[in-house]
Amino acid sequence: MSDDSDGTQFTLLGGVAGISPDDLTRRYAYPDDVPSCWVRGNMITSIDGGATTGGKSGDLGGDGDRAVFAALRRLADVIVVGATTARVENYSGAQMGAAERLARRDRGQAEIPPIAVLTRSGQIDRDTTLFHRTEVVPLVLTSADAVDDTRRRLGSLAEVVDASGAEPDSVDLPTVLAALAERGLRRVLTEGGPGILGLFTEQDLLDELCVTVSPVLVGGHAGRIVSGPGEVRSGMALRHALTDDAGYLYLRYTRDRRRGAADSRR
């Protein structure tokens, strides 16, 4: 083994005694004056790498994770999710209190960020909670092959967008981001699932990843927070590491352009 590891400098987590809600918001703020879409992922994992327990990611969470989850939603222009995750996790529209709405208006944002669902087939049940427990009309970004049928089925329940690129039977992520940017929705928060996050990762479109590490072991066959056939190596820089008295870790990474360039040459 190389002796290079002897030069590693370790620091003890937990040097800050208490973080206020306002400080939490500042720590997770998007970059100023985002010229194009900044894509942030937010996921939770067990300490043995499982993305779910009992088939749902929400069952891994605790009070602190819910606070971070809410803070990230408050800062986002739009919340992107895959159709399977929206169904399994029983998604509804984002909820904001009076103070949160005022803070969003002060930042030049709409009071409520819409949910944007990615679905190649457009097969979303019109009776799903997402379309009926929401203050703003969701976006459904689908393929050219499915867009007309999806518009007929959903009608005024959603804004259905053709998000295909060169392949009319698929959803193209650069086209998705262009459609969001055209609507002024540049602060993008994606909550998965693993397949959607895998596509953003594989196509080098993920600028940031926020990971909650839940202090549980789940074992079994739970998948990872990122999945897909494309294996990539993207350098990321740790921006902060928070913890709470329940033993959760809250990690924020942003893309390290220098390290990413070095990795691409390997």
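The lining of the second largest pocket divides into 10 nonpolar, 8 polar and 6 charged residues (nonpolar: Ala, Val, Leu, Ile, Met, Phe, Trp, Tyr, Cys and Pro; charged: Asp, Glu, Lys and Arg; polar: the others, Gly among them). The structure is a predicted model, in which local features need pLDDT of at least 70 and side-chain atom pairs count only at pLDDT 80 or more, while totals for chains, interfaces and linings use all residues. Residues are numbered from 1 along each chain as its sequence is written, and side-chain values use heavy atoms, with hydrogens and water left out.

A pocket is here an open set of points on a 1 Å grid over the protein atoms alone, where a 1.4 Å probe fits, with protein on both sides within 12 Å along at least five of seven lines; lining residues have an atom within 4 Å of a point. The second largest pocket holds about 570 Å³ of space, the volume being that filled by probe spheres set on grid points joined across faces, edges and corners. Of its 24 lining residues, Thr201, Leu209, Arg224, Val226 and Val232 lie nearest the centre. Two or more lining residues are given by each of α7 (194–202) and β9, and α7 provides the largest share, 4 residues. Helices (H or I, at least four residues) and strands (E, at least two) are DSSP runs numbered from the N terminus.

Strand β9 (residues 249–255) also pairs with strand β8 (residues 236–243), in the antiparallel sense and over 7 bridges; pairing requires that DSSP find at least two bridges between the strands. Within this pair, Ala241 stands opposite Leu251 of β9. The two strands form a hairpin with 5 residues between them, and Gly247 in the turn has a positive phi of about 90°.

A parallel pairing over 4 bridges links strand β4 (residues 139–142) to strand β5 (residues 159–162), with Val161 in β5 as the bridge partner of Leu141. Together with helix α5 (residues 144–154), β4 and β5 make a right-handed β-α-β unit; with the strands pointing away from the viewer, the path from the first strand over the helix to the second runs clockwise.

The chain as a whole contains 8 helices and 9 strands. Its radius of gyration, taken over C-alpha atoms, is 19 Å, close to the 18 Å that the globule rule gives for 266 residues, so the chain is as compact as a globular protein of that length; the rule is 2.2 Å times the number of residues to the power 0.38. The C-alpha trace spans about 65 × 45 × 40 Å along its principal axes.
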